[in-house]
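Me: I would like to go through some of the labels used for this model and ask what each one rests on.

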Amino acid sequence: MFFSRPATMAAALVLAGCASLPRERGYAETSALVAQRIGVAPDSASWATPDQPEIPTEPLSAERAIALAYVYNPRVRETYARLGLGRAELEDARRIANPTFEFARQRAGDGEHPKITRSLSIGFTDLLLLPARKRFAQTELVRLQDEVAAELLALSVEVESAWYSAVSARQVADMREMVATAAESSAELAQRFFDAGNINRLQLELERAAAVQARIAATRAIAESLKTRSELAALVGLAAEASWTLDRQLPAPPATVVAAADLTPRALEQRLDLRAAQHAVAQREDVLGVARRWRWLGTVEVGYEQERQGHEGVSQGPTLSLALPIFNQGQGATAKARAELIQARAELDAMLLRVQNEALLGVQKLNVAREVAEQYRTALVPSREAIVARTQEHVNFMLVGVFELLLAKREEYDAYQEYLEAVRDYWVARAELRGIVGGALPEDGMDLTPTIGVEAIAPQASAPAMDHSGHGDTIDPQAGHGTSAEDPHAGHAPKAPQQSPAKAATKDTQGEHSHLEHGDER
């Protein structure tokens with residue numbers, strides 16, 4: 001009978017607040033936000049317990065690399081764990097504080113019956129502020145969802161950029177390795193010609209130096225390739241020394257020029273970190289309103305108390321405990337809420353400005369990178385190839401020396417490497433712009449052609465650099481002394497109708513580098 005009314009009231013309140021959040025609340029919404037923007041997202045059900053990484057059997061594409069990172073990169077679990085903190089706050093906010101039971105047994109003196117006091121109370125302030133606390137926690141969880149999703153998108157940008165760097169470095173390493181192998185073969189052939197008395201010591205040393213220089217460049221390129229591969233492996237959760245492979249070539253940049261006017265509104269609309277900042281402002285405004293409305297409300301507790309002593313009967317009745325707002329009327333809480341609102345608004349304004357500037361800068365960076373890559377593709381690389389071809393002709397007719405030819409070839413290889421790096425810069429800029437916009441770009445998904453292949457620029461293995469067969473069946477004993485057309489780089493000589501390496505690339509790339517079809521006329 002004693003606890004009938006308070007117990008009933010407490011039971012009703014407890015039952016009302018005992019419903020737990022759905023198991024995937026917060027995680028599923030976050031994964032959906034990421035998937036809407038890039039088409040792939042962490043699994044909201046199994047993100048906390050990933051399996052052991054499986055080595056991909058197919059060449060790793062950029063999309064596959066992002067998917068792997070969302071499974072095996074520890075940062076995903078670290079980021080998702082913050083959602084768990086938000087969920088915990090919401091769980092607490094949805095429940096009222098536990099009731100307080102007090103018991104006292106007091107004896108006045110010897111022979112006196114003890115006085116027994118029992119009471120049950122509950123905080124009434126919690127009941128009044130329960131809707132506001134739930135609202136604050138729900139807004140905070142939504143803000144966290146946007147913030148976590150934005151960080152996952154940033155991770156995808158990082159992975160994509162690392163993938164482009166790794167593939168580009170691999171292309172450069174392949175090219176440098178082929179050039180070094182050919183240069184070493186040329187040096188070996190030069191040694192035989194020197195032993196036969198067909199070239200002089202200077203020509204031999206030039207070939208040797210060129211071979212060593214090519215090998216050094218190849219070694220550096222391989223080291224850079226391993227470095228970028230390791231960086232990518234760390235992001236996707238794979239071992240760098242494992243047997244997974246990458247795509248062999250980067251796609252060539254599309255011809256489309258991106259306009260900032262099209263992307264800035266899109267960035268303002270779909271940037272998730274911007275939305276998180278907007279949620280923060282809304283939450284601070286709500287907090288300030290509640291602080292002002294309830295500034296006079298202190299701690300209020302209601303309860304029921306029963307007191308018994310000996311056979312004097314039982315005294316019982318409701319209790320009320322109320323904190324009087326004499327010295328503190330909530331000035332501090334109101335001032336804190338106002339300051340936090342000002343701070344949140346300032347952060348939102350700064351982010352709005354930053355997003356607009358980043359979108360403009362990202363578009364400019366992308367277009368500049370595309371223009372640079374196009375200049376390499378249409379102008380510099382073919383010019384370098386034409387210079388090598390013309391220099392080879394001059395060497396054949398004894399108009400210039402081998403040194404000029406080696407220099408022309410080195411500049412040709414450097415131009416090709418810079419072309420690959422310019423293409424890499426374009427795709428990295430595009431990935432970063434995708435992160436700035438907060439999702440896919442208008443031209444994503446279009447069909448792309450590959451870049452100029454490594455085979456296009458490397459010396460042909462079937463035509464050794466010192467092969468003089470194109471200039472006669474016998475070796476001129478005066479070769480190397482300025483009286484013969486034989487030269488150590490006859491493999492590149494215009495032994496018509498020899499196909500330019502770049503022309504071969506035209507076939508491989510289905511139209512890419514079409515200017516090379518006219519390279520002989522330049």
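Me: At what angle do helix H5 (residues 124-195) and helix H6 (residues 201-236) pack, and how far apart are their axes?

Reply: This is a predicted model, in which local features need pLDDT of at least 70 and side-chain atom pairs count only at pLDDT 80 or more, while totals for chains, interfaces and linings use all residues. Residues are numbered from 1 along each chain as its sequence is written, and side-chain values use heavy atoms, with hydrogens and water left out. H5 and H6 pack at an angle of about 160°, with their axes 7 Å apart.

Me: Why are H5 and H6 called roughly antiparallel?

Reply: Angles over 145 degrees count as roughly antiparallel and those under 35 as roughly parallel; the angle here is about 160°, and H5 and H6 are therefore roughly antiparallel to each other.

Me: What makes H6 and helix H10 (residues 402-437) roughly parallel?

Reply: Their axes come within 10 Å and cross at roughly 15°, so H6 and H10 are roughly parallel to each other.

Me: How do you know whether Gln329 is buried or exposed?

Reply: Buried means under 20% relative accessible area and exposed over 50%, with partly exposed in between (1.4 Å probe, protein chains only); Gln329 has 14%, and is therefore buried. Gln329 lies in the loop between strand S4 (314-322) and helix H9 (331-396), and, leaving aside neighbours within four places in sequence, Gln329 is in contact with Arg295 and Trp296.

Terms used
Axes fitted to C-alpha atoms, helices over the stretch in contact; angles between N-to-C directions. Helix = DSSP H or I, 4+ residues; strand = E, 2+ residues; numbered from the N terminus. Parallel < 35°, antiparallel > 145°, perpendicular 65-115°, else oblique. Contact = heavy atoms within 4.5 Å.
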